[in-house]
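Here are some notes to read alongside the model, written for someone meeting it for the first time. Please keep the view open and follow the points in order.

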Amino acid sequence: MSWPTEAEARPARHARPAGGPDVVLALDLGTGSLKAALITAGGDVLRRAAQAYPAHSPQPGWSESHPDDWWAAAQRAAQDVLRGRDPARVRAVSLSGQMHGVTLTAPTGEAVRPAVLWSDTRSAPQLEAYHALPEPLLRHLRNPPVTGFAGPTLLWLAAHEPAALAAARWALQPKDWLRLHLTGEAATDPSDASGTLLFDPQRQDWHAGLLERLGLPAALLPPIRPSGSVAGFLRPAPARALGLPAGLPVLTGAADTAAALHAADPAPGEAQLTVGTGAQIAVSRADLPGPHPALHAFRDAAQGWYQLAAVQNAGNVLEWVRRTLRLSWPDMYLGAQQTAGPATPLFLPYLTGDRTPHLNPHARAGWLELGADHGPGHLAYAAFEGVALSIAQAAEQLDLPRAHPLRLAGGGTLEPWWQQLLADALNRPLHVTDAPDASLRGAARLAWTGLGVPWTGEAGPARVTVHPSADRISQDRRERFGRAADQLMRRARPD
C-alpha cells in the first residue's frame, strides 16, 4: 500500500468557518466498545457516542477481538457525533485505548489475525521465560510478569503461530493499530510501551537486551513518540469514512488509564479508582517507582509515572453475571439491593484469572456458601460485593494512608448504590467526579496541547463524597472472602 506524503495529506488552508467552537475528535478504543466525543479546549464534551463490538473466546482462557470491528465502530461513532456538525470545526483526532494487547499487522496495514487482548491468559506457560531472567533484570522492568502483556503474548505467538508472526510487519497495541489505519504511520507512546514487559523504564525505550534474550524481533515494535505529539495525518479514505477533512493531525494519544489520569491532573501521591471492564487504582508518581511484586509502574501521558494496582475482573464479570442470570441492569441492581446481607453467598470474581494481588491467570470465578433459599438477587449482590472486595484487596498493596480518599471515575460507577458499596469495601471515602469520560477528556487534552492551544478544562471536581459505612460489610465476611480467595489461588494451578 502506498501512503500519501505529509504534504499530500495536509489539508489546504481555508478560512475557519463562522459559528460554533472548534473541537477535537477523541476516540477511546475499549475492550467492548469504542467511544467518540467532540471536546473543546475548555473541556466541554459537546457530543459523545459509543459503539459496541464483541470480544471472542475461541478457546478457554483466550480473549480476542477483530480489528475490523474496531474500525467499523469508529466509523459509526464518529458519524454519530458529527451528524449535523460542521466537520471543518474539527482540529485534530486523538486516541486512548485498552492496554497490553497485541495486534499483528501486515505491511499493508491489515491485521494478520485477531488481536490478542489484555484479558487473555493463554501465555501463562511463557511466563517461565520471564521468571528465568536474572533477578536484577526482572526487577529492572518494574512490572511483575503477567499474561496479557505484549511480551508473553508474542512469545506464545512465536511458539504456536510462527507463520502469523513472520507475516507481521508490526506488533501494535490496539489504539496504535487504529491510528495506523488512520494515518499509515506506525507508532506507540510511552504509556502503552511501558505496559508491554519489553520496555526499559530507565532508558524509556525498547529493551534491546531483553528482546535478544527472549528471541523476539525488535523490528516488530514501532517507534515510541510522546503522547502529545502529532503521529501523522488523516488519510483521504479513512477521512471520508469518518466524515472528516483529509489531512487533519492525528495525535499519538495514550493508554486509557494514563489518559484518564491526564484528565484528572493529579498531584504526586493522589490516587484514582477507575472501574470499567477491569478496575485500576492508579497513584501518580513524579519519579519511577521501585519494583513491587504485585504492582505495575507505567509512564503517564506527560513526563511522570503512575503505580497501578490492576484488577482483572470488574465490569466484565458483572456483565457476565447479569447475562447468566438473565437480568436487566435495573433488575440486577434492584435484586442486589433487596437481598444484601450476611446470609448472602460469597462470590469469587476471577472469571479470567487475577492480577493484583494474586498474579494468578489460572483462577476462575464461582459462588460459595449457596443454599436453597438463595435466588438471583442474592447471586447478584454477591457478585457486586465480590468485585468490590477484590478491588479492596488490590488497593491494600498500594499502602495508601489510612482513610486516604480516592477519586472515582469511569463509566462503570454511575449507580449511587454501587458507589456506596465500593466505599464500604475499600473502607475509605470516594470523591465521585463529574467526568465519566475521563479517558476521552485526557485524549482531548493531549490533542489541544499538542496543537499549541491551552487546555482550560477543569480536572473534574468531586460531585459528591461517598463515606464508607463501617458495618455494611462485616469483618467476618471480609475474612471469609479472603480465606476463600487464598484457598482458590493455591488450588488454581495449570493442568
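1. A word on naming first: helices (H or I, at least four residues) and strands (E, at least two) are DSSP runs, numbered from the N terminus. This is a predicted model, in which local features need pLDDT of at least 70 and side-chain atom pairs count only at pLDDT 80 or more, while totals for chains, interfaces and linings use all residues. Residues are numbered from 1 along each chain as its sequence is written, and side-chain values use heavy atoms, with hydrogens and water left out.

2. Let's begin with Arg 113, which sits in the loop between β6 (103-105) and β7 (115-116). Its relative accessibility is 11%, so Arg 113 counts as buried (buried means under 20% relative accessible area, exposed over 50%, partly exposed in between, with a 1.4 Å probe and protein chains only). The side chain of Arg 113 makes a polar contact of 3.0 Å with that of Glu 64. A polar contact is a pair of N or O atoms within 3.5 Å; within protein, one must be able to donate a hydrogen and the other to accept it, and residues adjacent in sequence count only if both atoms are side-chain atoms. Leaving aside neighbours within four places in sequence, Arg 113 is in contact (heavy atoms within 4.5 Å) with Trp 62, Glu 64, Leu 104, Arg 122, Leu 157, Glu 161 and Ala 164.

3. Is His 431 buried or partly exposed? His 431 is partly exposed, with a relative accessible area of 26%. You will find His 431 in strand β21 (residues 430-433), where its side chain and that of Thr 465 are joined by a polar contact of 2.9 Å. From C-alpha to C-alpha, His 431 and Ala 115 are 35 Å apart in space, and 316 residues apart in sequence.

4. Helix α16 (residues 438-450) has 13 residues and reaches 18 Å from first C-alpha to last, close to the 18 Å expected (the expected span is 1.5 Å times one less than the number of residues). Eleven of the 13 residues of α16 are buried, including Leu 440, Leu 446 and Trp 448. Gly 452, with a positive phi near 85°, follows α16.

5. Helix α7 (residues 174-183) is also mostly covered, with nine of its ten residues buried; among them are Pro 174, Trp 177 and Leu 180. After α7 comes Gly 184, and its phi is positive, near 80°.

6. On a 1 Å grid over the protein atoms alone, a cavity is a set of points where a 1.4 Å probe fits but cannot get out, and a pocket is an open set with protein on both sides within 12 Å along at least five of seven lines; lining residues have an atom within 4 Å of a point. The second largest pocket has a volume of about 660 Å³ (the space filled by probe spheres set on the points, with grid points joined across faces, edges and corners). Its lining has 36 residues, and Leu 127, His 131, Pro 145, Val 146 and Pro 361 lie nearest the centre. Elements giving two or more residues to this lining are α3 (127-131), α4 (135-140) and α5 (150-160).

7. The whole structure holds two cavities of 30 Å³ or more, and the largest cavity has a volume of about 70 Å³. Of the 13 residues that line the largest cavity, Ala 171, Leu 172, Gln 173, Thr 196 and Leu 221 lie nearest its centre. Both α5 and β8 (170-172) supply at least two residues of this lining.
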